[in-house]
Amino acid sequence: MTTQSTTTQPTVYTPAASALSAVLSADEQPKRPSALSASMTFGWRAMLKIKHVPEQLFDVTAFPIMMTLMFTYLFGGALAGNTTDYLQYLLPGIMVMSVVMITMYTGVGVNTDIEKGVFDRFRTLPIWRPAALVGAILGDVFRYTMASATILLLGLILGFRPAGGVLGVLAGVGLLVAFSFAFSWIWTMFGLFLRSEKSVMGVSMMVLFPMTFLSNVFVQPATMPGWLQGFVEVNPIAHLVAAVRGLMYGTPDAYEITWTLVSGGVILLVFGALTMRLYNRK
């Protein structure tokens with residue numbers, strides 16, 4: 001008795017033309033987004049991260065409040081006789097110090113995205129290559145502005161009275177935020193080539209602590225030793241403090257403002273170029 005085996009041929013599905021036309025759009029392919037549009041989109045991404053993780057705002061609210069209160073009441077009586085008089089000198093400086101120290105979190109955020117593989121996905125998209133980095137820093141500009149507003153509001157409650165009025169205060173905050181945007185590129189570069197976010201924070205604090213504390217934030221440079229005065233004279237943070245202080249006092253110093261803008265521009269050009277070179281090669 002012979003048993004015949006039959007082989008079942010697999011059925012090949014051939015989609016109908018109507019089905020294909022329903023899936024494939026006949027419209028013109030979307031245009032590649034502009035550099036500005038792509039950067040703003042990534043900036044909005046940074047804002048959404050704050051929305052979903054509001055704890056990120058602690059460093060732009062709780063930290064500036066703590067710094068202002070601590071140094072006002074720690075040094076006020078000893079250096080100026082009373083806290084109110086000292087606050088008039090301290091507040092512009094502590095605002096600069098707090099915002100500049102917050103800039104290091106830009107590098108930390110970039111490093112975290114790299115470790116998670118997020119930037120590998122961004123690099124495959126048909127967008128302007130620096131958009132992800134520029135957008136991340138644009139999102140942080142909101143954080144710098146919020147920190148400045150928090151310190152200013154607290155200062156007004158404590159008795160700070162800027163003689164420059166509203167325009168002087170806005171000009172001072174604008175100059176601070178613009179410089180911080182340029183300064184953030186230093187930490188973005190570190191975030192690209194250092195291996196962990198702890199390394200980024202460690203290197204950032206090693207740079208930020210001497211630049212902010214060895215400056216004119218707390219006392220007049222004239223009271224310092226000669227060698228330290230020499231460091232303050234070339235410290236860009238000290239010039240930024242002097243420029244912001246002059247604007248808020250209503251006595252803008254053209255030399256300090258120019259020094260700050262030029263140093264910020266040099267930082268942006270140098271570290272922006274280095275950052276993009278690392279980003280393209282990584």
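Predicted model: local features only at pLDDT ≥ 70, side-chain atom pairs only at ≥ 80, totals over all residues.
1. In this note, Ala, Val, Leu, Ile, Met, Phe, Trp, Tyr, Cys and Pro count as nonpolar, Asp, Glu, Lys and Arg as charged, and the others, Gly among them, as polar.

2. The largest pocket holds about 500 Å³ of space. Its lining comprises 23 residues, and those closest to the centre of the pocket are K49, Q56, Y105, V108 and G109. Two or more lining residues come from each of the helices α2 (35-52), α5 (104-115), α6 (118-123), α7 (131-158) and α9 (197-213).

3. Which element gives the most to the lining of the largest pocket? That element is α5, with seven residues.

4. Sorted by class, the residues lining the largest pocket are 11 nonpolar, seven charged and five polar.

5. The second largest pocket contains about 210 Å³ of space. Thirteen residues, written 13 in the count, line the second largest pocket, and N216, Q220, P221, A242 and E256 lie nearest its centre.

6. Two helices, α10 (226-234) and α11 (236-249), each supply at least two residues of this second lining. The greatest contribution to the lining of the second largest pocket is that of α11, which gives five residues.

7. How do the residues lining the second largest pocket divide by class, and how many fall in each? Six are nonpolar, four are polar and three are charged.

Notes
Residues numbered from 1 in each chain as written. Heavy atoms only, no water. 1 Å grid on protein atoms, 1.4 Å probe; cavity = no way out; pocket = protein on both sides within 12 Å on 5 of 7 lines; lining within 4 Å. Points joined across faces, edges and corners; volume = space filled by probe spheres on them. Helix = DSSP H or I, 4+ residues; strand = E, 2+ residues; numbered from the N terminus.
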